[in-house]
Amino acid sequence: MNVLQNLVELYNHLPMDSTYREVAKGILTHLEEVADATIYDVAELTCSSRTTVWRMIQKMGYGSYSEFRHALKQSVSHYSYYNRLLPMEQEGEPVEAVFAAQLKAIAKALPTDLKGEGLEQMAELMAGKSKVSFYIPFHSSAVSTLQQNLAMAGKETAACVLLPDMQEDAKAMDATGLAFCMTIEHAEAQDLVPLFGALKEQGTQIALFSSGTSRYEQFVDFHLCGGNDRGSAMNGVMRCELYLFALSEVFRREYLGR
């Protein structure tokens, strides 16, 4: 997750009357200025205190203001790279044609992604766990649907999009837990090694959505929606969503009978 995604998720995540939400809003509406501003400048710009700004930055998982500002400067200066849904080499092509081609590629990958026995094995694994957590950097309808089915089966669940929330939830995980993770692994993304390392130390099994080789390969027990086609951000997100919708349906049929 890059800092802009982080800010948007935090803004959407917080209550309407939250002071931190107002700080996030102020930064999002003054990105160019904040990218070169001191923490005191940001406090003045957002009509808040330095302490409030710093605490909000901590909520996003950054260890210092300079780390946050560096990440923000990188994201602002390379915005078209970070927020690109389709491959750069297709920039000049009609959007509808490129999206149609991407959807065809996703459909072609589905038989491999959703192999019946794989879904059934994963559903059986979830049925034997006491807690299933989802560490995915965006809000997902598929996760919400699967959480409802898991709750009906008496399972504890959690869905976290911000790194500090993931780290806090991971503290309560152990060998009776399963974590579904999706990573966005461009160079400036937040380092998830401490999160994955903590989960493995506690004996938690990890299922990773990743197209291509992941920097977190050593921690992973199950690779989902694999392959070497990094085609686009849309490709990875939609394959993840479709897999979780399918898994939810298999779990409902097999373990809820409803």
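**Entry 1: serine 144**

I began with serine 144 and found it in helix H10, which spans residues 141-152. Helices here are DSSP runs of H or I with at least four residues, strands are runs of E with at least two, and both are numbered from the N terminus. A note for my reader: this is a predicted model, in which local features need pLDDT of at least 70, side-chain atom pairs count only at pLDDT 80 or more, and totals for chains, interfaces and linings use all residues. Residues are numbered from 1 along each chain as its sequence is written, and side-chain values use heavy atoms, with hydrogens and water left out.

**Entry 2: the cores**

Next I looked for nonpolar cores, meaning sets of buried Ala, Val, Leu, Ile, Met, Phe, Trp, Tyr and Cys residues joined through side-chain atoms within 4.5 Å. The largest has 27 residues, and Phe180, Leu244 and Leu247 have the most contacts inside it. Among the elements giving two or more residues to this core are H10, strand E3 (177-182) and helix H13 (233-255). H13 gives the most, with 7 residues.

Which residues does leucine 244 touch, leaving aside neighbours within four places in sequence? I found contacts with Phe134, Ile136, Ala142, Val143, Leu146, Phe180 and Phe209; contact means heavy atoms within 4.5 Å. Another core, of 26 residues, lies apart from the largest one and includes Val3, Ile27, Val34 and Tyr62.

**Entry 3: helix H6**

I then turned to H6, residues 65-77, whose 13 residues reach 18 Å from first C-alpha to last, close to the 18 Å expected at 1.5 Å a residue. (The expected span is 1.5 Å times one less than the number of residues.) Tyr65, Phe68, Ala71, Leu72, Ser75 and Val76 are buried in H6. These residues cover an arc of only 130° around the axis, so they sit on the same side of H6. The arc is that of the directions from the helix axis to the C-beta atoms.

**Entry 4: the whole chain**

Last, I stepped back and counted 13 helices and 5 strands in the protein chain. Of its 258 residues, 46% count as buried.

Definitions and conventions
Buried means under 20% relative accessible area, exposed over 50%, partly exposed in between (1.4 Å probe, protein chains only).
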